Amino acid sequence: MECYPLLISGAQEIHVLEQGNDYIGLYLDIIEEIYGRDSALNDGMRVMALDLTQVRNLSDSEKEAIRYLLEPLLETWQKDSIGSPGTVKCPNPNVILVAEEDLMEQGLLSEDGSYFPEGILIKIRTVRNRKNSFTFSAKKWSSGLGANGYDDCKASFKKGAGAYKLNFTWIS
């Protein structure tokens with residue numbers, strides 16, 4: 001049974017039998033990098049919508065773990081970011097898992113669907129997945145004129161630790 005946060009009680013001893021690749025930690029690092037780029041898009045963010053529906057190397061419970069871990073991290077990232085004068089930082093932003101297509105249906109977008117008034121969308125998609133590496137694309141969007149992304153990015157693992165490289169940057 002998977003449970004987040006992991007609650008262990010009454011343990012006398014723990015033995016690590018195997019260390020797997022830390023996909024959750026790697027995805028959190030990728031999201032932090034994307035969140036930190038073009039910080040003006042984060043201005044006034046009350047909601048971070050996270051679309052991981054096209055990520056093939058995470059289970060649904062791992063995606064939920066990322067969502068759970070992001071809320072306190074966002075507060076830290078906001079405190080650590082300098083931002084431009086007049087930047088509006090909202091305390092306790094919500095993180096939701098949602099498909100990009102469902103944002104309008106949930107009433108999170110403007111009436112014409114052209115912008116996300118109180119948030120940003122971060123969408124990650126795996127393109128190729130291998131045992132110790134994968135290729136992905138990612139984007140951060142708040143409107144048609146406020147978005148950036150990365151295509152043909154590479155991620156790999158060595159002894160369980162993940163590293164990545166963002167490639168082919170685009171901005172709208």
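Here are a few friendly notes on the aromatic rings in this predicted model.

1. Let me start with the overall tally: 5 aromatic pairs turn up in the model. The rings of Tyr-23 and Phe-157 make one of these pairs, with centres 4.6 Å apart. Their planes meet at 55 degrees, so this pair is tilted, given that stacked needs under 30 degrees and edge-to-face over 60.

2. Tyr-23 has a relative accessible area of 14% and Phe-157 one of 9%. Because the cut-off for buried is under 20%, Tyr-23 is buried and Phe-157 is buried too.

3. Helix H1 has a further ring to look at. Tyr-27 pairs with Phe-134, their centres 5.5 Å apart and their planes at 15 degrees, so this pair is stacked. Here again distant parts of the chain are linked: Tyr-27 lies in helix H1 and Phe-134 in strand S4 (residues 133-143), 107 residues apart. Both Tyr-27 and Phe-134 are buried.

4. Now for the wider picture. Tyr-23, Tyr-27, Phe-134, Phe-136 and Phe-157 are joined by ring pairs into a cluster. I would display these five residues together when viewing the model.

5. Finally, do have a look at Tyr-35. Lys-140 lies over the face of its ring, 5.6 Å from the ring centre, and the cut-off for such a charge is within 6 Å.

Note on methods:
Residues are numbered from 1 along each chain as its sequence is written. This is a predicted model: local features need pLDDT of at least 70, side-chain atom pairs count only at pLDDT 80 or more; totals for chains, interfaces and linings use all residues. Side-chain values use heavy atoms; hydrogens and water are left out. Rings of Phe, Tyr and Trp (its six-membered ring) pair if their centres lie within 6.5 Å; planes under 30 degrees apart count as stacked, over 60 as edge-to-face and the rest as tilted. Buried means under 20% relative accessible area, exposed over 50%, partly exposed in between (1.4 Å probe, protein chains only). Helices (H or I, at least four residues) and strands (E, at least two) are DSSP runs, numbered from the N terminus. A charge sits over a ring if NZ of Lys or CZ of Arg is within 6 Å of the ring centre and within 35 degrees of the ring normal.
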